[in-house]
Amino acid sequence: MLFKRKTASLAAETAETAPQAQAPVRPPKEKLGWFERRDRRRRRRKIFEEVLGWILVPAFIYLIYLGVQAVGGIPKELIDFANELIALAMKGGKG
């Protein structure tokens with residue numbers, strides 16, 4: 001037999017010799033209302049989103065950089081177009 005049960009005398013012996021070795025009694029879990037549960041979920045979600053943002057945003061920027069390098073740089077026409085858009089935005093959209 002692979003597993004043997006402890007005999008009653010052995011279990012009684014250990015209980016008599018070490019009564020202070022019993023596990024401490026846990027206090028009952030606090031009951032949370034729906035508002036507190038919602039607040040804790042929201043807090044966890046915000047922390048998760050922050051961590052995700054700190055990981056994904058630099059990854060996206062690096063991937064865009066690699067894409068630009070693979071193409072051979074930003075084309076001159078695209079830079080000119082961006083300058084025109086910025087100038088148009090600064091004027092207020094009136095040409």
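Modeller: We will take the helices, then the surface, then the charged pairs and the patches. This is a predicted model, where local features need pLDDT of at least 70 and side-chain atom pairs count only at pLDDT 80 or more, while totals for chains, interfaces and linings use all residues. Residues are numbered from 1 along each chain as its sequence is written, and side-chain values use heavy atoms, with hydrogens and water left out.

Colleague: How many helices and strands does the protein have?

Modeller: Helices (H or I, at least four residues) and strands (E, at least two) are DSSP runs, numbered from the N terminus. Here the count is 3 helices and 0 strands, and the order along the sequence reads α-α-α.

Colleague: What does the span of helix α3 look like against the expected value?

Modeller: The expected span is 1.5 Å times one less than the number of residues in the helix. Helix α3 covers residues 76-91, which is 16 residues, and its first and last C-alpha atoms are 23 Å apart, close to the expected 22 Å. Just after α3 comes Gly92, with a positive phi of about 105°.

Colleague: Now the surface. What share of the residues is buried?

Modeller: A residue is buried under 20% relative accessible area, exposed over 50%, and partly exposed in between (1.4 Å probe, protein chains only). In this protein, buried residues make up 0% of the 95 residues. Areas come from the Shrake-Rupley method with a 1.4 Å probe, and for residues only the protein chains shown count as cover. The protein exposes about 9,900 Å², with 64% of that supplied by carbon and sulfur atoms.

Colleague: How many salt bridges does a search of the whole structure find?

Modeller: Side chains of opposite charge can pair when their charged atoms come close. The cut-off for a salt bridge is a side-chain nitrogen of Lys or Arg within 4 Å of a carboxyl oxygen of Asp or Glu. The whole structure has 4 of them. One joins Asp39 and Arg43, at 2.8 Å from N to O.

Colleague: Where do Asp39 and Arg43 lie?

Modeller: An α-helix has 3.6 residues a turn, so residues three or four places apart point the same way. Asp39 and Arg43 are both in helix α2, 4 residues apart, about one turn of the helix. Asp39 is partly exposed at 32% relative accessibility, and Arg43 is partly exposed at 46%.

Colleague: Which residue forms a salt bridge with Glu49?

Modeller: Arg45 does, with the closest N and O atoms 4.0 Å apart. Glu49 and Arg45 are 4 residues apart in helix α2, about one helical turn. In helix α3, Lys76 and Asp80 form a salt bridge at 3.4 Å, N to O, and they too are 4 residues apart. Lys76 is exposed at 57% relative accessibility, whereas Asp80 is partly exposed at 32%.

Colleague: Finally, which residues form the positive surface patch?

Modeller: Patches are made of residues with over 30% relative accessible area and no salt bridge; like charges are joined within 9 Å, and nonpolar side chains (Val, Leu, Ile, Met, Phe, Trp, Tyr) within 5 Å. Lys and Arg count as positive and Asp and Glu as negative, while His and the chain ends are not counted. Each charge is placed at NZ of Lys, CZ of Arg, CG of Asp or CD of Glu. The positive patch consists of Arg37, Arg41, Arg42, Arg44 and Lys46, and Lys46 is in helix α2 (residues 34-71).

Colleague: And how much accessible area does the nonpolar patch have?

Modeller: About 1,100 Å² together, from residues including Ile47, Phe48, Val51 and Leu52. Ile47 sits in helix α2 and is exposed, at 52% relative accessible area.
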